[in-house]
Amino acid sequence: MVSKNILIKLVSILFWISAGLNIFFGINTLIGILFISSFFSIGNILSSILSLGLGIFLFFVGRGLWKKRKWARITAIIITFLGILISIKAIFKLTMPSFITQLNVFSPLNSWVYLVLNGSICFYLLFGKKKN
């Protein structure tokens, strides 16, 4: 049986990986805006700022999970639940915001993987024992 402590650390590391990717894509978009004139638009600037902000936010949520903070657990449940909803929308090909579809990461297989991953994390955070 896997220790509960190891599972929460693993979820925390997944949040840090997600934070790193968001920061990476935000910085790359800003660099692209600087060097490619046709890439310059308010939408691209806002999406890169949003990506950077989300990355920083996810970093602190991951840090809070690592330290077993209750606010981080609640926030992670909300974030993973939103991920579940986005995956379901992608599976059934419902309308999605353009900044999500531009990433081109929501193939049917990816959507199922995201659904299972977010569902597992959300289930664990909701129903796992909250021992320290």
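Contact, as used here, means heavy atoms within 4.5 Å. The model is predicted, so that local features need pLDDT of at least 70 and side-chain atom pairs count only at pLDDT 80 or more, whereas totals for chains, interfaces and linings use all residues. Residues are numbered from 1 along each chain as its sequence is written, and side-chain values use heavy atoms, with hydrogens and water left out.

The secondary structure of the protein chain consists of five helices and zero strands; helices (H or I, at least four residues) and strands (E, at least two) are DSSP runs, numbered from the N terminus. The order of elements from the N terminus is α-α-α-α-α. Of the 132 residues in the chain, 30% count as buried, a term that means under 20% relative accessible area, with exposed set at over 50% and partly exposed in between (1.4 Å probe, protein chains only). Among contacts between residues at least 6 apart in sequence, 64% join residues at least 24 apart.

The expected span is 1.5 Å times one less than the number of residues. Buried residues of helix 2 include Gly55, Leu58, Val61 and Leu65. Just after this helix, Lys68 adopts a positive phi of about 60 degrees.

Helix 3 (residues 70-91) has 22 residues and reaches 32 Å from its first C-alpha to its last, close to the expected 32 Å. Among its buried residues are Ala72, Ala76, Ile77, Thr80 and Ile84. Lys93 follows helix 3 and has a positive phi, near 55 degrees.

How do helix 2 and helix 3 pack, and what angle do their axes make? The angle is about 130 degrees, and the axes are 8 Å apart; axes are lines fitted to C-alpha atoms, for helices over the stretch in contact, and angles run from 0 to 180 degrees between N-to-C directions. Helix 2 is therefore oblique to helix 3, since angles under 35 degrees count as roughly parallel, over 145 as roughly antiparallel, 65 to 115 as roughly perpendicular and the rest as oblique. In this pair, Phe57, Leu58, Phe60, Val61, Gly64 and Leu65 of helix 2 meet Trp71, Ala72, Arg73, Thr75, Ala76 and Ile79 of helix 3.

Ile77 counts as buried because its relative accessibility is 17%. Beyond residues up to four places away in sequence, Ile77 touches Cys122, Leu125 and Leu126. The C-alpha atoms of Ile77 and Leu126 are 7.0 Å apart, although 49 residues separate the two along the chain. Thr80, also in helix 3, counts as buried because its relative accessibility is 2%. With neighbours within four places set aside, Thr80 is in contact with Phe15, Asn118, Ile121 and Cys122.

The largest nonpolar core has 17 residues, and those with the most contacts inside it are Val11, Phe15, Leu65, Ala76 and Leu125. Such a core is a set of buried Ala, Val, Leu, Ile, Met, Phe, Trp, Tyr and Cys residues joined through side-chain atoms within 4.5 Å. Helix 1 (4-35), helix 2 (42-66), helix 3 and helix 5 (108-127) each give two or more residues to this core. Val11 lies in helix 1 and counts as buried because its relative accessibility is 6%. Not counting residues up to four places away, Val11 touches Leu65, Ile121 and Tyr124.
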